[in-house]
Amino acid sequence: MDPATIGVRLTSAAVTPLIKKLFVQEGPGAALVDKPVRVSGLVSFKGEKRTLTEKNLQKIAAQLVQRAVEAAGPGERPCPADEDEIVAMHLATTLQALGDLDMDDVQAVRLGHQALARMLIDATLAKGNKLFLSQAATALYRRLVDTACLHILNFFTQRSTFVHRTLVEQSGQLADLITKIDILIERIPSQSAEDAGFEKDYAYFVQKKYGTLTIVGIDLSHAEASWPLDAAYLSLEAIAPTRDRAAATPADEATALAGEATAPGGEVVAPVPADQALAGHSRVLLRGVAGSGKTTLVQWLAVCAARQEPPRGMEQLIGRVPFVLPLRTIARLDALPTPDRFLAAVHNPRHAAQPTGWADRVLSAGRGLLLIDGIDEIPERDRERTRAWLSDLLLAYPDNLWLVTSRPSAVADNWLETEGFAEFALAPMSHDDLGAFIDRWHDAARATCRTDEDRTALDGYQAALHTAVRTKQDLGRLATNPLMCGLICALHRARRGYLPPGRKALYDAALSMLLTRRDTERHIYAPGDVQLDEEPQVQLLQRLAYYLIRNGEAELDRAQAERVIDDALPSVPSAAALGDAPRILNHLLLRSGLLREPSVGTIDFVHRTFQDFLGAKAAVEEGDFGLLAEHAADTQWEDVIRMAVAHARPRERANLLTKMLARARKNSDSGLRLFLLALACLEHAPDLDPQVRDDVTWHAKGFIPPLDAQRAREMATVGPLVLELLPPPDELTDAQAYGCVVTASHVGTDAAIPYLSRFTDHPALLVRSQLATSWGRFDTERYFTEVISRLDPDGLYFVAETQEHLRLLDSTGGVTKLQLRGDFGEDELRTSPSLNRLTHLRLDRNDVLTDLGALSHLASLRTLVLTACTRVQDLTPLSALSLQSLDFSPWRVGVSGKEFPQGLDTLTTLRHLKINMESPAMPSRAFSAGITWLDLHVYDPDLDTAWIAEAFPDLRQLGITFRSSPDTGRLDLAPLAGLSSLEAVSVARAEITGAESLPGVTVKTLDAVPRRTGLPADPVG
């Protein structure tokens, strides 16, 4: 037996009792301590607590050697019998070196068992102890030291005094490693040296062959279309489909598409990571549409099994030998292979070196991982023959792991149910999966870069692609599986950060790959097989797509689909070679990658974007430009219109766009949408009558960029389409930037986030304030990551509407200016750590807060704004703060009512006050002395300024806005002459007199009411 396997033949049950004897046993109730203990103080053969003699130590070493020999099995000795004693002697000498280690138990665990073993062996050799051993005995000695050290460190982590927090994870890793070793020993019988050596070479071959992912069917170099599996592999989710697809309800299908499935009885079945589907089942049939990642999953499982270091959750692969059996390859043989011919059938160059009977021994021991890929990739006539072959293998070798993959419609439901197979379906990629895939793909591509310049360029491509898939809706919809994501990433890199010129070119490349090149370059077809070229497939698919679009349907029944194809066959005679309409539909379902059968008897497109693309092509070929223009205002036809412009010839494009503009002029309700849609179509019209192009541009230029907030909100009603038309920040004035941000934020879909994120460092406070206040319209975490966390805080109030918003703000260390919008109660205000750094706070639209004592712990608070806090009446608790600015704005508060807040006179540090008042005057005693800046919003047309002079003797700045409408106010400034410190007066919407009584005072009048933002001017910081 190869001595290198000895370490994994000794179970923890055989080693642990002997290792424990090397160390002092703790008494009952040993105290928990944080301080590590020196290893030399733990050994039982040294010091005051010595319980083992040198002879005892040699006996333990001899037992370890004996158990290793016994574990190897008869006839498989790891070394000659006459060397057992000398191996034991050297092992005892090495273990004795534990007593000389100048480290504690924590340091030893951090070092790791292999490094500890090397240290002990080096210490032994340094004392002049030469290893007079044969090569086999030396290997046995080293493996025994390594195994002993693994269990020594595990022993350290299990001691009651070992509670060092930083090593919890390493403790878990040691325990996992020992568990895996025990599984290996249980699963792997004694092997001959020949078998063990071959398996080692075979495992290396599997890792190299399947350790790379490749996109086939696109015009890229091998380096650009291939990348390491480790870096790029993304674990998707698998769901258990409904037991009876024929009886499945639309709600069942919607649930399944959302990543969940409904089991019999109606309960929701949670999805599982696809690579762990075999954890609870030994036999799995996995269905997935073209490009969903079935073959990639097969590669991943094969490589993980070959390495014998599977990730957590995949321990079922320990000790397994993978056999990758692509059916498109082996089904062409006259007879499907028996185990001894598995390697030859897949053209493995190592098959000739395979020991006689090796595969049978592996499978008989239940150690096999059989990965049978692509039931759909073999002719229908061969599928029953394949099933019989599989059944025979299952009877002969039942105790192995089996994974069979197929496209959804290739075989009937429960095709392998009688063989005990559980069925799963790969779920579509989520938004997070897409982002993770792009990151992993570029990480993998970075490994192939030769220069720093290439790596820097790749960083830029990665960021640009993230933005593209989020802002361009049809691109995001296209990237729903690993195949399409990989295609997009590879094309984007090959074109140096640009996708093919125009979406039509991208869709054309994808269709070519899916319909023809992928199957051809993967050698799906054998010589003589009937194939359907790309163009006939496109003709048939576009008829199906246009039928769905014209009828406003998302799916059609199978019988109708067959009728559509049957009607098209006279125009597509080359398709007749496949047979009648039902056979042709089956071929399109299995091989096109564009159609699927979500439930029995129902057909739809796997991507709506392909349906629109193909349907638009059919509409153009039919000359249905009037029909297209008639439906242009319908959001469901938006992409159809744009793709029709892409497919059309120049004269046809001009015709369609002219019809759209004519309808826009006549229809005020949909005019804005039609003008903007026509503008968006220009990117798909490289060749167009200049007069028509100018006409489209002229009609749209009044909308983009939006001139004011009202127009901006109107543009947002058009929906996500408008996001692609908004200019970048560097092309805009501050006012235009504000309008664009208002539009994007009111679109309200996450597609707007990448555009909004480009304004996070904009110098205009109004722009950044709009970003801050829009958080509640988007996904909380994503908007925080891409926008809120990147906002320039200069002068900005951050906005929180939920406790989750506060939690995320707290994760940044907190902010100094915050607006809390909504009903935050006293307890939430007292306990939230996000508030501790605040210098400025706004409480807005709060109908539950009554006690402002909840703010008394905010020692740094200097500015407070209370807007529509309807139940706050007593400001006295604020006297505990050094508050300098207060904006108290309940709507229309008068002096006579009890609703006017109490305690204003207690705020002795207050310098800036902003209030609303309904009566012409209020008692001066209601306010504290020392206020120097007063901002009044007045609802009585006559204001008594004498009251102001009496109540605020130290006033320097005064702002008065009359909000009574339609009449303007009347204001006599003469009584203010007694204010010796007064510097400036600003009055809006009033007839003023007495200004001549204020020499040296700047008096400004305004005709319009200033826009009230609710944000104080912060005159005191």
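1. Start with helix H31, residues 709-716, in this predicted model. Its buried residues are Ala-709, Ala-712, Met-715 and Ala-716. Viewed down the axis of H31, these buried residues fall within an arc of 115°, so they line one face of the helix. An α-helix has 3.6 residues a turn, so residues three or four places apart point the same way. What does the buried face pack against? The buried residues of H31 pack against helix H29 (671-681) and helix H32 (734-747). The N-terminal end of H31 is capped by Asp-708. A side-chain oxygen of Asp-708 lies 3.2 Å from the backbone nitrogen of Gln-710.

2. Next, the overall figures. The protein chain holds 38 helices and 27 strands. Of its 1021 residues, 53% are buried. Take the contacts with a separation of 6 or more: 66% of them come from residues 24 or more positions apart. The accessible surface of the chain is about 44000 Å². Carbon and sulfur atoms account for 50% of that surface.

3. Strand S17 covers residues 840-844. How many of its residues are buried? The count is 5 of 5, and the strand is mostly covered. His-840, Arg-842 and Asp-844 point one way from S17. Leu-841 and Leu-843 point the other way. Note that His-840, Arg-842 and Asp-844 are buried, as are the two leucines.

4. S17 has parallel pairings with S16 and with S18. Strand S16 (residues 817-821) pairs with S17 over 5 bridges. Here Leu-820 stands opposite Leu-843. Strand S18 (residues 863-867) also pairs with S17 over 5 bridges.

5. Now an open sheet of 3 strands, in the order S22-S24-S26, with parallel pairing. Which strands stand at the edges? They are S22 (942-943) and S26 (990-993). Each has a single partner strand, so one side of each is left without a neighbour in the sheet. S24 (residues 969-972) and S26 run parallel and are joined by 4 bridges. Gly-969 has Ala-990 as its bridge partner in S26.

6. Leu-976 sits in the loop between S24 and strand S25 (984-988). Is Leu-976 buried or exposed? Its relative accessible area is 0%, so Leu-976 is buried. Leaving aside residues up to four places away in sequence, Leu-976 touches Thr-945, Ile-948, Ala-949, Leu-958, Leu-982 and Leu-998. Take Ala-949 from that list. Ala-949 and Leu-976 are 27 residues apart in sequence, but their C-alpha atoms are 5.6 Å apart in space.

7. Two backbone angles deserve a look. Most residues other than glycine have a negative phi. His-347 has a positive phi, near 60°. Where is His-347? It lies in the loop between helix H14 (342-345) and helix H15 (358-364). Its relative accessibility is 63%, so His-347 counts as exposed.

8. Arg-989 also has a positive phi, about 60°, although it is not a glycine. Arg-989 lies in the loop between S25 and S26. Why does Arg-989 count as buried? Its relative accessibility is 18%, and buried means under 20%.

How values were computed:
Residues are numbered from 1 along each chain as its sequence is written. This is a predicted model: local features need pLDDT of at least 70, side-chain atom pairs count only at pLDDT 80 or more; totals for chains, interfaces and linings use all residues. Side-chain values use heavy atoms; hydrogens and water are left out. Two strands pair if DSSP finds at least two bridges between them. Buried means under 20% relative accessible area, exposed over 50%, partly exposed in between (1.4 Å probe, protein chains only). Contact means heavy atoms within 4.5 Å. The arc is that of the directions from the helix axis to the C-beta atoms. A polar contact is a pair of N or O atoms within 3.5 Å; within protein, one must be able to donate a hydrogen and the other to accept it, and residues adjacent in sequence count only if both atoms are side-chain atoms. Accessible areas come from the Shrake-Rupley method with a 1.4 Å probe; for residues, only the protein chains shown count as cover.
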